[in-house]
Amino acid sequence: TTNYTVFFFLVTVGNTDLGNATTVTVGDVLPVGLDVVDVGVVSDPNGVVTDWAVVGNGGQWNISRLNSGESVLLWITARTNVTVAPVNLTNRVNTSCYENKTVVENETNVTVVPVVLTINKTAVPNVTANNNVDKFTITVGNADLGNATNVTVGDVLPVGLDVVDVG
């Protein structure tokens, strides 16, 4: 069983200065405890994000030009790689441009709360006059502090059995 929490970080990069910014680089290196899944662009109205990629344990985006007042919206998806008690992680993103070599940095904090799912399947054979009907009961539980959402349970019946009812 794989237990992890998925995080979807949104990064807004904007130019609030009077001048234009060129050769803008944005980097997001995830902290220990998170693994990068993928990166991309949510909104780029002027087509200025020239490329993006997973780099190391994070993402990097290159923006050709951000005119004064313009912004783009980027995303990075990560998942936890820790299975300990709740832990706080700080994710930092930085950016620089040709006109200003000083790296600008911003951060956000996330708390990882573990979820430990348990699953139990029992079978109760039941003989009827015409057919043998077996009743299977599946119980799913959460044995940890975090809330489990969007949990999917699947079951494959043995050859020769057909589903009669699901409830």
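Here is a short tour of the chain, one selection at a time.

Before you click, note that this is a predicted model, where local features need pLDDT of at least 70, side-chain atom pairs count only at pLDDT 80 or more, and totals for chains, interfaces and linings use all residues. Residues are numbered from 1 along each chain as its sequence is written, and side-chain values use heavy atoms, with hydrogens and water left out.

**Whole chain**

Start with a cartoon view: there are zero helices and 10 strands. Helices (H or I, at least four residues) and strands (E, at least two) are DSSP runs, numbered from the N terminus. Of the 167 residues, 26% are buried (under 20% relative accessible area; exposed is over 50%, partly exposed in between, with a 1.4 Å probe and protein chains only). Take contacts (heavy atoms within 4.5 Å) between residues at least 6 apart in sequence: 66% of them join residues at least 24 apart.

**Select Asp28**

Asp28 sits in strand β2, residues 21-29. What is the nearest side chain of opposite charge to this buried residue? That would be Arg92, 9.5 Å away, and Asp28 has no salt bridge (a side-chain nitrogen of Lys or Arg within 4 Å of a carboxyl oxygen of Asp or Glu). For charge, Lys and Arg count as positive and Asp and Glu as negative, while His and the chain ends are not counted.

Now show Asn91: its side chain and that of Asp28 make a polar contact of 3.3 Å (a pair of N or O atoms within 3.5 Å; within protein, one must be able to donate a hydrogen and the other to accept it, and residues adjacent in sequence count only if both atoms are side-chain atoms). Beyond four places in sequence, the contacts of Asp28 include Val11, Trp61, Ile76 and Val93.

**Select the aromatic rings**

There are two aromatic pairs to find. Rings of Phe, Tyr and Trp (its six-membered ring) pair if their centres lie within 6.5 Å; planes under 30 degrees apart count as stacked, over 60 as edge-to-face and the rest as tilted.

Pick Phe7 and Phe9: the centres are 6.1 Å apart and the planes at 15°, so this pair is stacked. Phe7 is buried at 13% relative accessible area, and Phe9 is buried at 8%.

Next, Phe8 and Trp75: with centres 5.7 Å apart and planes at 25°, they are stacked too. Phe8 lies in strand β1 (residues 6-14) and Trp75 in strand β6 (residues 71-80), so the pair ties together parts 67 residues apart in sequence. Phe8 is exposed at 53%, whereas Trp75 is buried at 18%.
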